[in-house]
Amino acid sequence: MLVSALTDLGRVRRVNEDALHVGGDLLVVADGMGGHAAGEVASQVAVATISAWPDWSLPAQALRAAFTAANEAVLARAAQDTAYTGMGTTMTACYFRGDQLFVAHVGDSRLYLHRQHELSAVTHDHSVVGELMRIGGLSKEEARVHPQRNVLTRALGAGVHLDVDLLTITLRPADRLLLCTDGLLNMVNEAEINQILSACKAPADATARLVHAANDRGGFDNITIIVADITKEDLA
Ligand code: MN
C-alpha cells in the first residue's frame with residue numbers, strides 16, 4: 001500500500017491541534033479542541049491510545065475498545081489539570097484486514113473512498129449540520145458554510161458514554177482512501193477534492209496539493225490529510 005500523510009498548521013492558527021497515525025495496518029486522524037493548546041493534548045492522547053492498541057485479532061472489537069479507552073484517557077487527562085477542562089477530539093480510524101476495511105469514527109473528521117474517479121464519504125459527521133443534512137434539512141453546500149458547522153454532537157472527551165460509529169467496507173484494487181480533518185473540508189469542496197485526487201497519481205502529490213488548496217483559500221484551520229492507495233497485493 002502506498003500511503004502519504006501530511007499535517008499542516010494552516011495560515012491562521014498558532015498551534016496544530018490535529019494528530020495522525022500511519023502504521024501497523026492502521027490509519028488515524030484526530031482533530032482536537034479546547035483552549036490553550038488543550039486540543040493538541042486531547043488529539044495526541046487519543047491517537048497514542050489507539051496506535052498502541054495491543055490486540056487486533058478481532059478488528060471491529062479492537063476499534064471499539066480502543067475508542068472507549070481513548071475517550072477514558074482524554075477524560076482522565078482533563079481531570080488532572082484544570083487547563084484541560086472540557087478538551088475533546090474527533091477521531092476517524094481505519095484498520096486493514098485483507099479486502100475488508102474496518103472503520104471507526106466519532107466527530108467531523110472524515111473518511112472518503114475515491115473509486116473510479118468518484119468520491120464518496122464513508123463516515124457521517126457527528127455535528128449539528130451533519131445531523132441536519134442526514135434528515136434532509138440542509139444541502140451539502142449549505143452545510144459547508146453554515147455558521148454552526150463546527151458544533152459537534154459527539155467527541156472523545158465529551159462524557160463517559162461514547163457512541164462509536166463502526167462500519168466495514170470491501171476494498172477493490174485501485175481504490176484510494178482519503179482521511180482528513182475539517183481544515184481541508186471547510187476550505188475545499190468535494191468536487192475540487194475529487195479533481196485533485198483524480199489528477200494526482202502519487203499519494204504524496206495528492207496530499208501536497210490538497211494542503212496547498214486549503215491554504216490557498218485561507219487555511220483558517222489545521223489541515224491533516226492521509227491518502228492511501230490500495231493495490232491488488234494488499235487485498236490478498
Ligand atoms: Mn479542525
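This is a predicted model: local features need pLDDT of at least 70, side-chain atom pairs count only at pLDDT 80 or more; totals for chains, interfaces and linings use all residues.

Biologist: How many residues apart in sequence are the parts that the pair Asp31 and Asp182 ties together?

Modeller: Asp31 is buried, and so is Asp182. Asp31 belongs to strand 3 (residues 26-33) whereas Asp182 belongs to helix 5 (residues 182-185), so the pair ties together parts whose separation in sequence is 151 residues.

Biologist: Is Thr181 buried or exposed, and what is its relative accessible area?

Modeller: Thr181 sits in the loop between strand 10 (176-180) and helix 5. Leaving aside neighbours within four places in sequence, Thr181 is in contact with Asp18, Val29, Ala30, Asp31, Ser109, Asn222, Ile223 and Thr224. Because buried means under 20% relative accessible area, Thr181 counts as buried, its value being 0%.

Biologist: Which residues have the most contacts inside the largest nonpolar core?

Modeller: This core has 30 residues, and strand 3, helix 1 (38-51), helix 2 (59-80), strand 5 (91-97) and strand 6 (100-106) each supply at least two of its residues. Phe67, leaving aside neighbours within four places in sequence, is in contact with residues including Ile50, Met91 and Leu156. Those with the most contacts inside the core are Ile50, Phe67, Met87, Met91 and Leu156.

Biologist: How many residues are in the other core, which has Leu184 and Ile223 among them?

Modeller: That core lies apart from the largest one, and Met187 and Val188 are also among its residues. In soluble globular proteins, nonpolar side chains tend to be buried together. The other core is of 20 residues.

Biologist: Which residues lie nearest the centre of the largest pocket?

Modeller: About 420 Å³ of space lies in this pocket, and strand 7 (110-115), helix 3 (128-134), helix 4 (140-145) and helix 5 each supply at least two residues of its lining. Of the 24 lining residues, those nearest the centre are Arg110, Asp125, Met133, Lys140 and Glu190.

Biologist: At the start of helix 6, to which residue's backbone nitrogen does a side-chain oxygen of Asn189 reach?

Modeller: Helix 6 covers residues 190-199, and Glu190, Glu192, Ile193, Asn194, Ile196 and Leu197 are buried in it. The side-chain oxygen of Asn189 comes to within 3.2 Å of the backbone nitrogen of Ala191.

Note on methods
Residues are numbered from 1 along each chain as its sequence is written. Side-chain values use heavy atoms; hydrogens and water are left out. Buried means under 20% relative accessible area, exposed over 50%, partly exposed in between (1.4 Å probe, protein chains only). Helices (H or I, at least four residues) and strands (E, at least two) are DSSP runs, numbered from the N terminus. A polar contact is a pair of N or O atoms within 3.5 Å; within protein, one must be able to donate a hydrogen and the other to accept it, and residues adjacent in sequence count only if both atoms are side-chain atoms. A nonpolar core is a set of buried Ala, Val, Leu, Ile, Met, Phe, Trp, Tyr and Cys residues joined through side-chain atoms within 4.5 Å. Contact means heavy atoms within 4.5 Å. On a 1 Å grid over the protein atoms alone, a cavity is a set of points where a 1.4 Å probe fits but cannot get out, and a pocket is an open set with protein on both sides within 12 Å along at least five of seven lines; lining residues have an atom within 4 Å of a point. Grid points are joined across faces, edges and corners, and a volume is the space filled by probe spheres set on the points.
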